[in-house]
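Thanks for asking me to look this one over with you. Here are my notes, point by point, to read with the model open beside you.

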Amino acid sequence: MAMLLQARRILTQTLPRCNSNSSQAFVKLLGSASRGLHGNVPRSKLFDPNATSGNVITCNAAVVRGPKQPFLMETIRVDPPKKMEVRIKILYTSICHTDLSAWKGENEAQRAYPRILGHEAVGLVESVGEGVTDLKAGDHVIPIFNGECGHCPYCTNKTTNLCQTYRVNPFKSVMENDGKCRFSTMNGEPIFHFLNTSTFTEYSVLDSACAVKIDPNAYLKKMSLLSCGVSTGVGAGWNAANVQAGSSVAIFGLGALGLAASEGARARGASEIIGVDINPEKLNKGKEMGMTHFVNPKDSSKPVHQRIREMTSGGVDYSIECAGNVEVLREAFLSTHDGWGKTVVFARLRSNRQALEGKWH
């Protein structure tokens, strides 16, 4: 929560106004595996680009070798970046529910092992491959799984955030350049990539289109959430819903994503933001992120959408579903006003790169 509030402070300085047990077990498992990835080492001593550039780097990584298998701290080899790729030193990484789903192997078609998971992080560029001109060694960057080349028909179209080449692809487990892995065990066994990022490692290789340069003065420990949770949530209100000033918004699910969505709605000038969650502790957290009202489905036998319609004289202008649950989605849809209400389902910010580079420094 402290990390999210720090992100909010950064956002509010620049943006104009207009419960799962398995998840906890997963966090505990990964936390025990990833101890020692890096300590509080001065940035100047993290690596020497002159010594590592162009060479294979040996480092530690949390590797998973099968569905629900323990993360193993392994010594791995990380190849130098090839054309239009960058190699980064991961400083901090956080955990998203998508990592949990991949660890559990919920979709058999997406399974690829051994694999390095993780997609929310912040780090420093260690070296760049041929053709990379917008990044250099020492730059502070955030990896993004929905990359942008910036010039394909998709990237130049304002109605989509899917790049023709570097879009998010949960089935992809190798690099775009040559269809091979940049990770391997000490015995030469390939280790697969995850969501264009793979951040549960000391070093990772990304397509340059999947790395965003950020303000070097930003507090790095707090920045990893901008890789996914904050940009997704804020963008759900800012871009996907396009919340208008003075409007009403209902947000279903007040995890990191939902709280960020509340902040996005607040930044757009919403006058009424209703948070919905079964956890009463989210009341105070939600208020810190702009929420004006709170509804706990457990407090009444009356359906949530009926309660919201009564509170808003017919329904909200926008509802944002952040729980990934079909029944919750139904309530979110029914909570909107007849005729003009709009529902956004777990929507992602249209342009991570433009938002991070242009507005969120």
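1. Let me start with strand E10, which spans residues 248-252 and is mostly covered, with five of its five residues buried. Buried here means under 20% relative accessible area, exposed means over 50%, and partly exposed lies in between (1.4 Å probe, protein chains only). Helices (H or I, at least four residues) and strands (E, at least two) are DSSP runs, numbered from the N terminus. This is a predicted model, in which local features need pLDDT of at least 70 and side-chain atom pairs count only at pLDDT 80 or more, while totals for chains, interfaces and linings use all residues. Residues are numbered from 1 along each chain as its sequence is written, and side-chain values use heavy atoms, with hydrogens and water left out.

2. Which way do the residues of E10 point? Ser-248, Ala-250 and Phe-252 point one way and Val-249 and Ile-251 the other way, and all are buried. In a regular strand the side chains alternate between the two faces of the sheet.

3. Next, the neighbours of E10. Two strands count as paired if DSSP finds at least two bridges between them. E10 is joined by five bridges to strand E11 (residues 272-276), and the two run parallel. Between E10 and E11 the chain passes through helix H6 (residues 256-267), and this β-α-β crossover is right-handed; that is, with the strands pointing away from the viewer, the path from the first strand over the helix to the second runs clockwise. Ile-251 stands opposite Gly-275 in E11, and Val-249 has Ile-273 of E11 as its bridge partner. E10 also runs parallel to strand E13 (residues 318-321), joined to it by four bridges, with Phe-252 opposite Glu-321.

4. E11 deserves a look of its own. Five of its five residues are buried, so E11 is largely enclosed by the rest of the structure. Glu-272, Ile-274 and Val-276 lie on one side and Ile-273 and Gly-275 on the other, and all are buried. E11 pairs with strand E12 (residues 293-295) in the parallel sense over three bridges, and Gly-275 stands opposite Phe-294 there. Together with helix H7 (residues 282-288), E11 and E12 make a right-handed β-α-β unit.

5. Over in E13, Ile-320 is a residue of that strand and is buried, with a relative accessible area of 0%.

6. H5 is mostly covered, with ten of its twelve residues buried; among them are Gly-229, Val-230 and Trp-238. Just after H5, Asn-242 takes a positive phi of about 55 degrees. At 34% relative accessibility, Asn-242 counts as partly exposed.

7. Two further backbone spots are worth a check. Most residues other than glycine have a negative phi, and most peptide bonds are trans. Ser-198 has a positive phi of about 55 degrees although it is not a glycine; Ser-198 sits in the loop between strand E7 (190-191) and E8 and is buried, at 0% relative accessible area. A cis peptide bond joins Tyr-113 and Pro-114, with omega about -5 degrees, and Pro-114 lies in the loop between helix H4 (97-104) and strand E4 (120-128).

8. There is also an open sheet of five strands, in the order E8-E3-E4-E5-E9, with antiparallel pairing. Why is one side of E8 and of E9 left without a neighbour in the sheet? Strand E8 (203-207) and strand E9 (211-213) stand at the edges, each with a single partner strand, so one side of each has no neighbour in the sheet. For E9, three bridges join it to strand E5 (residues 140-143) in an antiparallel run, and Ile-142 stands opposite Val-212.

9. Lastly, the lining of the largest cavity includes Lys-172, His-193, Val-205 and Asp-207. A cavity is a set of points, on a 1 Å grid over the protein atoms alone, where a 1.4 Å probe fits but cannot get out, and lining residues have an atom within 4 Å of a point.

Note on methods
On a 1 Å grid over the protein atoms alone, a cavity is a set of points where a 1.4 Å probe fits but cannot get out, and a pocket is an open set with protein on both sides within 12 Å along at least five of seven lines; lining residues have an atom within 4 Å of a point.
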